[in-house]
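Me: Please take me through this structure by question and answer, with the cut-offs given as each term comes up.

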Amino acid sequence: MKIKLDQQGNLKFPAQFLQRRNLSAPLEFWLFEREGEPILLPRLPNLRKLYIEVTTGCNLQCRFCMRNIWDDPIALMTQDIFDAVAARLPYLPELEEVVFTSFGEPLTHPNILKMIETFTSRGLRVTLGSNGILLNPKIVSELMRLGVYRIMVSIDGAQAETFHDLRGANLQQIIANLEYLKELKKPTCHPPARVGGGVRHSQIQRQRAPCTGTIGIQFRRCAADRQQRAGLHRGHGGSNPIWLRPC
Ligand code: SF4
């Protein structure tokens, strides 16, 4: 599709294009560049899911972790930055969920429970990503009290030896933590625990991974996740960036 920049500096998008992306005038765009390409991002307050990385620090040193090749210093999100994020929530009227995850273990942040409460107390769903080591009974009870919607635990290795080799930690400890979580959440069925990571489907089937039976965790093929994610992205409609290539 070709569009023209006129003498006055105006770009006119074809009506069909705007309709397909659920965009209507008047509308503002952010204009920025990535790798030399101009990109337009519609300024729509329709963000539904917000990801927050509260720390790049972690209590593990996994062999495969991307942090191993970073030069950046380990950092904690300061209270000022967190407060600035929280103060902008009124500008995100369609926000439904906040996800604490990324590179680093969120539970190592000293204010993580208070941060979670900032969102749950406003009726937002909170998902927490964790390596599972710090999900001890005290923390799990607090997460339940705060109404955390979902806890995602990464386990890269369904056998104790594989897990220890990759993560240098004890798989049994995580299973014990998840067993406690399972017991505690029984009356409400929330938060659901979702286990992810680089466990091969064939490995689980062949070796009868200990965690599948003990805590009733179900593993899913990643392809299903990818399809679901693709569907979610399609559903977000107009807020996706528009890449512009002059030709
Ligand atoms: S738990 Fe995650 S962030 Fe921590 S070292 Fe392992 S891969 Fe990296």
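Me: Which residues are linked with Glu97 in a network of salt bridges?
Reply: This is a predicted model, in which local features need pLDDT of at least 70 and side-chain atom pairs count only at pLDDT 80 or more, while totals for chains, interfaces and linings use all residues. Residues are numbered from 1 along each chain as its sequence is written, and side-chain values use heavy atoms, with hydrogens and water left out. A salt bridge is taken as a side-chain nitrogen of Lys or Arg within 4 Å of a carboxyl oxygen of Asp or Glu. On that criterion, the network joins Glu97 to Arg125 and Arg150.

Me: How many salt bridges does a search of the whole structure find, and how many residues apart in sequence are the parts tied together by Asp165 and Arg63?
Reply: The search of the whole structure finds eight salt bridges, and one of the pairs is formed by the side chains of Asp165 and Arg63, at 2.9 Å from N to O. Helices (H or I, at least four residues) and strands (E, at least two) are DSSP runs, numbered from the N terminus. Because Asp165 lies in helix α5 (residues 160-167) and Arg63 in the loop between β3 and α2, the parts that the pair ties together are 102 residues apart in sequence.

Me: How is the shell around the ligand divided into nonpolar, polar and charged residues?
Reply: A residue is near a molecule if one of its heavy atoms lies within 4 Å of it, and the ligand is surrounded by Cys58, Leu60, Cys62, Phe64, Cys65, Arg67, Gly104, Asn131 and Arg167. Ala, Val, Leu, Ile, Met, Phe, Trp, Tyr, Cys and Pro count as nonpolar, Asp, Glu, Lys and Arg as charged, and the others, Gly among them, as polar. The shell therefore divides into five nonpolar, two polar and two charged residues.

Me: Which elements do the buried residues of α3 pack against?
Reply: In helix α3 (residues 112-120), the buried residues are Ile112, Met115, Ile116, Thr118, Phe119 and Thr120. With contact meaning heavy atoms within 4.5 Å, these buried residues pack against β3, α2, β4 (97-100), β5 (125-130) and α4 (137-146).

Me: What separates Lys114 and Glu117 in helix α3?
Reply: The side chains of Lys114 and Glu117 meet in a salt bridge of 3.7 Å, N to O. Lys114 counts as exposed at 58% relative accessibility, whereas Glu117 counts as partly exposed at 28%. Being three residues apart in helix α3, Lys114 and Glu117 are separated by about one helical turn.

Note on methods
Buried < 20%, exposed > 50% of the residue type's maximum accessible area, 1.4 Å probe, protein only.
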